[in-house]
Amino acid sequence: MRRLARLIGLFWSTAVAGEMEYRVNFALAVLSSAGGLLGALFGLSLFFGDTDRFAGWSWLQALVVLGVFTLLDGLTSTLLVPNLGRIVRHVRMGTLDFVLLKPVDAQLWLSTRDFSPWGLPDVLLGLGLVIWAGVRLSVSPTQALLALVPTVASCVILYSLWFVLATMSIWFVKIHNVTEVLKALVAAGRYPMSAYPAAYRVFFTLVVPVAFLTTVPAETFIGRGQPAWIVGSVLLALLLFAASRAFFRFALRFYTSASS
Amino acid sequence: MSQRPTAAGDPVIVVDRLTKHYRVADKDPGVLGTLRHFVRRKHRVIEAVKSVSFDIAPGEIVGFLGPNGAGKTTTLKMLTGLVHPTAGSVRVAGHDPFRRAARFLEDITLVMGQKQQLIWDLPTLDSLRINAAVYRIPPAEVRPRIDRLAEMLSIGDVLAQPVRKLSLGQRMKAELLAALLHRPSIVFLDEPTLGLDVNAQTAVRAFLREYNAEVGATILLTSHYMADITALCERVLLVHDGALVYDGALADLVERFAPYREVEVELEHPVEREVLAAVAEIDTFEGRVVRWLVPRDALTQVVARALETLPVHDLRVSDPPIEQIIGRLFDGRFEGSAAPPTHPPAA
């Protein structure tokens with residue numbers, strides 16, 4: 001465990017060392033995050049119009065959903081997107097060989113090797129929004145702590161879906177567009193599930209688990225969480241994580257290692 | 001006849017009827033071909049490695065020879081657990097490589113002349129720091145190990161430079177350093193001297209020999225440069241079209257596939273061609289230098305006749321260059337050989 005923490009520390013410090021050369025880029029990332037959040041706030045305000053309740057959610061409660069979404073979006077830009085690019089490059093150039101040759105879990109390596117600080121403003125803004133709305137809604141500390149469970153589960157769910165898609169690179173090699181699929185998926189979680197028509201709700205819950213990504217953590221946070229949904233999101237996270245590992249191991253049988 | 005040299009200890013690499021088939025889809029050129037390819041794929045199976053068997057004892061340095069596409073790299077990839085075999089079995093240091101057990105991976109390394117693991121924009125030392133953590137090398141030991149390997153490779157002064165600034169030779173040496181930092185006892189090398197100049201090639205060879213002596217490591221290497229093989233390997237494995245066609249000593253290979261010698265004579269003064277042809281069949285003749293290709297059993301006779309009938313200034317007898325022998329072998333003609341070409345070891 002200590003070795004893994006040290007290794008990830010080394011990975012990220014080398015990645016950040018490279019990125020920190022570009023200060024303007026950082027300012028732009030902050031601006032783009034703020035702009036994105038403002039746009040989302042405006043979109044959300046349209047739902048509410050004159051009323052202060054929409055589809056059973058108050059304005060502040062809906063802000064919590066938006067905050068969780070922004071947080072996940074930030075994590076996607078920080079870890080998932082850069083590492084996906086790296087996986088595709090590894091498969092295309094055959095340098096996945098070097099990862100597979102290391103006595104370290106290959107999935108862990110591929111998922112954590114890169115780190116882009118540009119998603120961090122989103123993570124901070126998302127957290128800030130959740131905390132700000134939470135204070136105004138006078139969310140109790142125990143509720144906030146309990147909400148960590150489905151939040152962690154939602155991160156694991158998103159990660160597992162992403163890794164399964166990334167693994168497909170072993171067959172299809174160039175799959176950069178998977179990022180778009182993933183972003184669109186998470187974007188659907190920008191608003192509470194009940195904002196969507198019933199058919200979409202079923203789709204986003206049962207077919208692609210978007211409901212578990214943002215709505216369930218937000219509901220738990222504001223004290224409307226139902227135990228069944230919380231347990232369900234943990235089970236789903238465990239199941240998808242196990243599936244992503246099994247799928248990766250299966251895919252490696254088909255890895256031919258770009259010729260040398 | 002050409003049994004492989006016996007080395008002490010149980011084999012560290014055991015390969016038994018190893019086979020790899022790739023399934024590829026062919027596409028006809030053009031739009032129609034693309035459509036047909038999309039709707040209904042024609043699949044074809046490529047047999048990259050066909051039932052190859054051999055074993056290697058600890059500490060051996062073995063050369064893996066064959067033309068492009070013979071199956072050398074695929075075999076190396078199966079030995080290192082990167083590629084899953086279609087059939088047959090591999091044991092390396094008692095492990096099934098494809099399971100990629102940590103103990104196994106800590107024991108081996110693979111150096112590829114065409115791929116690099118060093119981080120392009122950062123100094124080699126940064127990549128080495130990551131490898132030291134990956135292989136759990138005690139912190140106190142890292143620096144001495146780097147220094148020792150850097151000394152053997154004589155690249156100590158460039159380790160702090162970004163990798164992209166290094167010359168090809170320096171980069172290959174740095175790759176070797178990174179690949180051997182954990183002191184693996186089994187070293188696989190795929191074209192380690194590719195594209196290097198003669199000096200760098202010699203340095204890499206000398207380094208490998210020294211590493212083999214110091215660590216007692218088993219080394220299996222492929223190379224296009226015959227000089228790599230002749231300088232390092234007593235034993236060679238020859239693959240052609242995915243099959244093992246020879247496994248034995250390098251010296252026996254020459255004897256088996258080229259049972260003739262080159263006799264070269266420098267004359268005191270020019271001589272008529274007919275006189276030279278009377279000695280033996282002429283291979284080349286230029287100015288005052290003439291060369292004959294002579295069957296081994298006729299060698300003494302020919303040399304005696306040359307000394308008797310010609311104004312010999314200098315006389316040399318040598319084996320034909322091994323490149324020639326191998327080249328002839330891979331042309332698909334196993335001629336010039338009295339023995340049958342196929343000589344796989346008994347299973």
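Which residue forms a salt bridge with B:Glu214, and how far apart are the closest N and O atoms? In this predicted model, in which local features need pLDDT of at least 70, side-chain atom pairs count only at pLDDT 80 or more, and totals for chains, interfaces and linings use all residues, side-chain values use heavy atoms, with hydrogens and water left out. Residues are numbered from 1 along each chain as its sequence is written, while chains are lettered from A and ligands numbered from 1 in the order in which they are written.

The partner of B:Glu214 is B:Arg148, with the closest N and O atoms 2.7 Å apart, a salt bridge being a side-chain nitrogen of Lys or Arg within 4 Å of a carboxyl oxygen of Asp or Glu. B:Glu214 belongs to helix H7 (residues 198-215) of chain B and B:Arg148 to helix H5 (residues 139-153) of chain B, so the pair ties together parts that are 66 residues apart in sequence; helices (H or I, at least four residues) and strands (E, at least two) are DSSP runs, numbered from the N terminus. Over all chains, the count by this rule comes to 21 salt bridges.

One salt bridge is found by the rule across the interface of chain B and chain A, and the side chains of A:Asp97 and B:Lys115 meet in a salt bridge at 2.8 Å, N to O. In this interface 29 residues of chain B are in contact with 27 residues of chain A, where contact means heavy atoms within 4.5 Å. The two chains bury about 2600 Å² between them, 64% of it on carbon and sulfur atoms, buried area being the accessible area (1.4 Å probe) that two parts lose on being put together, summed over both. Of the area that chain B buries against chain A, 22% is supplied by B:Leu82, B:Lys115 and B:Val134, more than by any other three residues.

Within chain A, helix H3 (residues 59-93) and helix H7 (residues 141-167) pack at an angle of about 25°, with their axes 11 Å apart; axes are lines fitted to C-alpha atoms, for helices over the stretch in contact, and angles run from 0 to 180 degrees between N-to-C directions. H3(A) and H7(A) are therefore roughly parallel to each other, given that angles under 35 degrees count as roughly parallel, over 145 as roughly antiparallel, 65 to 115 as roughly perpendicular and the rest as oblique. H3(A) passes H7(A) in a right-handed crossing (a crossing is left-handed if the near helix is turned anticlockwise from the far one by less than a right angle, and right-handed if clockwise). Residues of H3(A) including A:Leu71, A:Leu75 and A:Ile87 meet residues of H7(A), among them A:Cys155, A:Trp162 and A:Phe163. By class, this contact of H3(A) with H7(A) has twelve nonpolar, four polar and no charged residues, where Ala, Val, Leu, Ile, Met, Phe, Trp, Tyr, Cys and Pro count as nonpolar, Asp, Glu, Lys and Arg as charged, and the others, Gly among them, as polar.

H7(A) also packs with helix H9 (residues 178-187) of chain A, at an angle of about 155° and with the axes 10 Å apart, and H7(A) and H9(A) are therefore roughly antiparallel to each other. The contact is made by A:Leu158, A:Leu161, A:Trp162 and A:Leu165 of H7(A) and by A:Val178, A:Leu182, A:Leu185 and A:Val186 of H9(A), which divide into eight nonpolar, no polar and no charged residues.

In chain B, backbone values are noted for two arginines. B:Arg17, found in strand S1 (residues 13-26) of chain B, has a positive phi of about 45° although it is not a glycine. B:Arg183, in the loop between helix H6 (168-180) and strand S6 (186-190) of chain B, likewise has a positive phi, of about 50°, although it is not a glycine.
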